[in-house]
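Subject: Structure handover

Hello,

Here is the structure for you to look over. My notes follow below it.

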Amino acid sequence: MPRGGGLMAPGARPLLLLLVWMLAALARRGLAEAGDGGWQLRGPGAPAALTEEQRCAVERRADLSYSEFVQHYAFSRPVILQGLTDNSRFRALCSRERLLASFGDSMVRLSTANTYSYRKVDLPFQEYVEHLLHPQDPTTLGNDTLYFFGDNNFSEWASLFQHYSPPPFSLLGTTTAYSFGIAGAGSGVPFHWHGPGFSEVIYGRKRWFLYPPEKTPEFHPNKTTLAWLQDIYPTLLPSAKPLECTVQAGEVLYFPDRWWHATLNLDTSVFISTFLN
């Protein structure tokens with residue numbers, strides 16, 4: 001055979017094809033990880049897509065100054081902030097693979113997904129991700145639905161939170177507190193209210209429904225947001241419908257003090273809130 005000949009040894013071609021296929025599969029997985037952090041189910045077991053609202057009723061701002069924030073939004077109405085911080089490093093650390101590697105054995109506290117979150121359950125983070133992070137059943141009541149959000153062990157998760165850059169706006173006399181969460185498609189918290197804060201989506205999409213303090217929504221505190229959307233929302237008169245919008249990955253929603261709000265995760269979602277206490 002001539003030096004440098006192009007003949008391939010017997011059996012080498014199938015091995016080469018297998019290698020090319022494996023490299024392509026790894027590349028596809030890498031692209032998926034970069035896009036959704038490995039959190040979205042694919043294939044026959046994937047949940048049906050949940051839809052966004054027909055028209056977002058919350059203003060989006062990419063160039064908001066602090067003075068504009070205080071004058072137009074801080075005490076009067078929600079706003080969605082875009083591009084004010086760079087959380088690409090935090091986002092990379094929140095992929096499914098990295099969080100399981102870093103915190104898989106850590107105990108997390110789950111709350112029931114009803115208005116008052118009465119019941120708490122502690123279990124390893126890996127068990128929550130692998131066995132409880134599934135699409136919401138609309139027939140399941142809120143007090144039977146476990147949700148990872150809010151009860152974080154800050155010392156244990158400090159290595160992650162130190163990489164998060166919160167929105168650059170604050171309110172006089174308040175301090176900040178983080179609440180980190182991960183929840184399955186169709187999950188969410190029904191209507192409730194508390195002090196002001198920001199909520200950023202890291203992966204996935206989160207649909208918000210908001211009412212001003214003087215306008216109490218029609219809802220059952222033990223029915224999930226998904227059940228409310230299917231049963232009550234279609235019956236509301238236009239004047240009784242909430243402000244609503246879907247917050248995309250990388251966006252931050254600000255909600256003022258005492259505004260009623262309910263959330264619905266349209267995908268498996270990773271998110272973090274900064275409460276102004």
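The notes cover the sheet, the cores and the salt bridges.

This is a predicted model: local features need pLDDT of at least 70, side-chain atom pairs count only at pLDDT 80 or more, and totals for chains, interfaces and linings use all residues. Residues are numbered from 1 along each chain as its sequence is written, and side-chain values use heavy atoms, with hydrogens and water left out.

The sheet

Helices (H or I, at least four residues) and strands (E, at least two) are DSSP runs, numbered from the N terminus. Two strands count as paired if DSSP finds at least two bridges between them.

Look at strand E7 (residues 197-203) next. Buried means under 20% relative accessible area, exposed over 50%, and partly exposed in between (1.4 Å probe, protein chains only). In E7, 7 of the 7 residues are buried, so the strand is largely enclosed by the rest of the structure. E7 runs antiparallel to strand E10 (residues 252-255), joined by 4 bridges. Ser199 sits opposite Leu253 in E10. E7 also pairs with E12 in the antiparallel sense, over 6 bridges. There, Val201 stands opposite Phe271 in E12.

E12 is antiparallel to E6 too, with 8 bridges between them. Phe180 has Ile272 in E12 as its bridge partner.

The cores

A nonpolar core is a set of buried Ala, Val, Leu, Ile, Met, Phe, Trp, Tyr and Cys residues joined through side-chain atoms within 4.5 Å. The largest has 31 residues. Leu99, Phe125, Trp157, Leu160 and Phe180 touch the most other members. Strand E6 (residues 176-183) gives the most to this core, with 4 residues. A second, separate core has 13 residues, including Phe191, Ile232, Trp260 and Leu264.

Phe125 is worth a look. Contact means heavy atoms within 4.5 Å. Leaving aside neighbours within four places in sequence, the contacts of Phe125 include Trp39, Leu99, Phe148, Trp157 and Ile182.

The salt bridges

The cut-off is a side-chain nitrogen of Lys or Arg within 4 Å of a carboxyl oxygen of Asp or Glu. By this rule there are 10 salt bridges.

- Arg207 and Glu53 meet at 3.9 Å, N to O. They are 154 residues apart, with Arg207 in strand E8 (residues 205-211) and Glu53 in the loop between helix H1 (12-36) and strand E1 (60-61). Both Arg207 and Glu53 are buried.
- Asp267 and Arg205 meet at 2.7 Å, N to O. They are 62 residues apart: Asp267 is in the loop between strand E11 (260-265) and strand E12 (269-276), Arg205 in strand E8. Asp267 is buried at 17% relative accessible area, and Arg205 is buried at 16%. A network of salt bridges links Glu52, Arg205 and Asp267.
- Glu68 and Arg61 meet at 3.3 Å, N to O. Glu68 is partly exposed at 25%, whereas Arg61 is buried at 14%.

Best wishes
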